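This briefing is meant for reading beside the sequence and the three-dimensional view.

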Amino acid sequence: MSSPDPQVRAARNHSTSPAARGPVVAVTGAASGVGALLTERLAESDEIRQVIAIDERRGECAAAQWHILDVRDPAIAEKLRGADVVVHLAVDLDLGTDSAARSAYNVRGTQTVLTAAAAAGVHRVVLCTSAMVYGALPDNELPLSEDAELRATAEATGVGDLLEIERLARRAPRAHPGLNVTVVRPAILVGGTDTALTRYFESPRLLVVAGSRPAWQFCHVEDLCGALEYAVLEKVDGELAVGCEGWLEQEEVEELSGIRRMELPSAVALGAAARLHRIGLTPSPAGDLAYTMYPWVVSGSRLHDAGWRPLWTNEEVLAELLEEVAGRHTVAGRRLGRKDATAAGAAGATVALLGTAALVRRARKARGRR
């Protein structure tokens with residue numbers, strides 16, 4: 001018997017390659033941020049057959065099949081036909097976005113994607129929230145397991161939206177039998193990100209609330225993409241926490257960063273933060289401060305059991321974050337020009353801009369009159 005034609009043999013080999021057998025994956029929010037990085041990563045993977053990229057503008061990944069539309073558009077169901085897995089990353093947590101508009105986009109978008117995925121015959125949806133949903137509380141275990149109760153409240157930036165996304169994730173398999181939902185919860189995300197927690201390191205002094213016990217755990221975007229890929233390939237499922245191994249104490253952060261602390265009484269820091277956010281002077285609500293006061297470190301045991309390991313350490317991610325924010329000047333989440341920041345530093349840094357200096361003076365005068 002003669003051997004097969006070389007072209008036939010090549011076609012057979014191609015048809016049995018890992019990519020030919022692998023899943024078709026749709027990524028929402030694929031044009032920027034984590035979505036863009038994941039789209040490129042999946043497009044280059046030998047284990048992925050095809051990548052469908054969805055966003056309101058076209059991204060740079062030429063290997064993906066692009067669809068330009070808003071994730072809240074029910075027409076997305078047609079774009080998802082043929083996909084095995086959807087990774088939904090079109091979530092807006094921008095500090096500058098109006099909170100009501102942000103919530104409407106995040107919740108409606110997630111609802112639409114879950115419903116559309118079920119209608120299109122997709123068997124798995126991967127959602128990305130944050131380890132913030134566990135809440136930052138003084139009695140949190142170190143570290144928290146994935147099964148720990150979600151005790152966060154809606155008082156921090158975007159956390160209310162993330163809790164609602166978590167609720168939708170739990171409800172979706174009951175509403176759409178056959179649809180599996182995996183939720184990935186990263187620690188403080190670093191790598192081209194801009195959040196209230198990354199802005200903490202742009203301040204001339206690190207605000208420390210007296211009596212607090214912070215524990216810092218980071219997650220590099222490359223490690224998050226690796227965890228998402230594990231979920232896509234069904235190497236792990238369920239509720240997953242992802243971050244660097246272990247954590248850094250506040251003293252270690254100060255030593256590594258070279259930024260000195262500014263310690264304030266709890267009532268002064270929280271009261272001033274709430275007041276200035278209420279009148280629109282700062283983008284971060286007082287609830288964000290809890291995540292710099294108390295631990296919310298995660299173990300990531302499910303990913304570890306599946307063989308995943310972070311490529312970055314907390315020390316390395318902090319170093320990259322400090323390099324990213326070099327030259328930026330932020331106090332209480334509000335970006336300043338260099339001249340304003342210099343003046344703020346001379347006047348007492350965080351205390352001056354929070355307006356707490358006036359509160360401290362007023363408290364001292366009140367005590368002096370007693």
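Which residues point one way from strand β4, and which point the other way? In this predicted model, V85 and V87 point one way from β4 (residues 85-88), whereas V86 and H88 point the other way, and all are buried. The points below begin with the partners of this strand and then turn to other parts of the chain.

**Strand β4 and its partners**

- β4 pairs with strand β1 (residues 24-28) in the parallel sense, and 4 bridges are found between the two.
- Within that pairing, H88 of β4 is the bridge partner of T28, and H88 is also among the residues of the strand that are buried.
- β4 also runs parallel to β5, to which it is joined by 4 bridges, and here V87 stands opposite V126 of β5.

**The largest nonpolar core**

- The largest nonpolar core has 40 residues, of which F201, W216, F218, Y291 and W296 touch the most other members.
- At least two residues of this core are supplied by each of β7, β8 (206-209), α10 (266-278) and α12 (314-325), and the largest share, 5 residues, comes from α12.
- F218 is found in strand β10 (residues 218-220), and F218 counts as buried because its relative accessibility is 0%, where under 20% is the cut-off.
- F218 and V317 lie 99 residues apart in sequence, yet their C-alpha atoms are 6.6 Å apart in space.

**The largest pocket**

- The largest pocket holds about 1,000 Å³ of space, and of the 37 residues that line this pocket, V91, D92, L93, D94 and L189 are the closest to its centre.
- The elements that give two or more residues to this lining are α3 (33-44), β7 (188-190) and α7 (196-199), and α3 gives the most, with 4 residues.
- By class, the lining of the largest pocket divides into 20 nonpolar, 11 polar and 6 charged residues.

**The second largest pocket**

- The second largest pocket has a volume of about 240 Å³, and of its 18 lining residues, S99, R102, T157, G158 and P285 are the closest to the centre.
- The lining of the second largest pocket has 6 nonpolar, 8 polar and 4 charged residues.

**Backbone details**

- Most residues other than glycine have a negative phi, and most peptide bonds are trans.
- The peptide bond that joins L142 and P143 is cis, with omega at about -5°, and P143 is found in the loop between β5 (124-128) and α6.
- E234, a residue other than glycine, has a positive phi, near 60°, and its place is in the loop between α8 (221-232) and β11 (239-242).
- Is E234 buried, exposed or partly exposed? E234 counts as partly exposed because its relative accessible area is 42%, which falls between the 20% cut-off for buried and the 50% cut-off for exposed.

Note on methods: Residues are numbered from 1 along each chain as its sequence is written. This is a predicted model: local features need pLDDT of at least 70, side-chain atom pairs count only at pLDDT 80 or more; totals for chains, interfaces and linings use all residues. Side-chain values use heavy atoms; hydrogens and water are left out. On a 1 Å grid over the protein atoms alone, a cavity is a set of points where a 1.4 Å probe fits but cannot get out, and a pocket is an open set with protein on both sides within 12 Å along at least five of seven lines; lining residues have an atom within 4 Å of a point. Grid points are joined across faces, edges and corners, and a volume is the space filled by probe spheres set on the points. Ala, Val, Leu, Ile, Met, Phe, Trp, Tyr, Cys and Pro count as nonpolar, Asp, Glu, Lys and Arg as charged, and the others, Gly among them, as polar. Buried means under 20% relative accessible area, exposed over 50%, partly exposed in between (1.4 Å probe, protein chains only). Two strands pair if DSSP finds at least two bridges between them. A nonpolar core is a set of buried Ala, Val, Leu, Ile, Met, Phe, Trp, Tyr and Cys residues joined through side-chain atoms within 4.5 Å.
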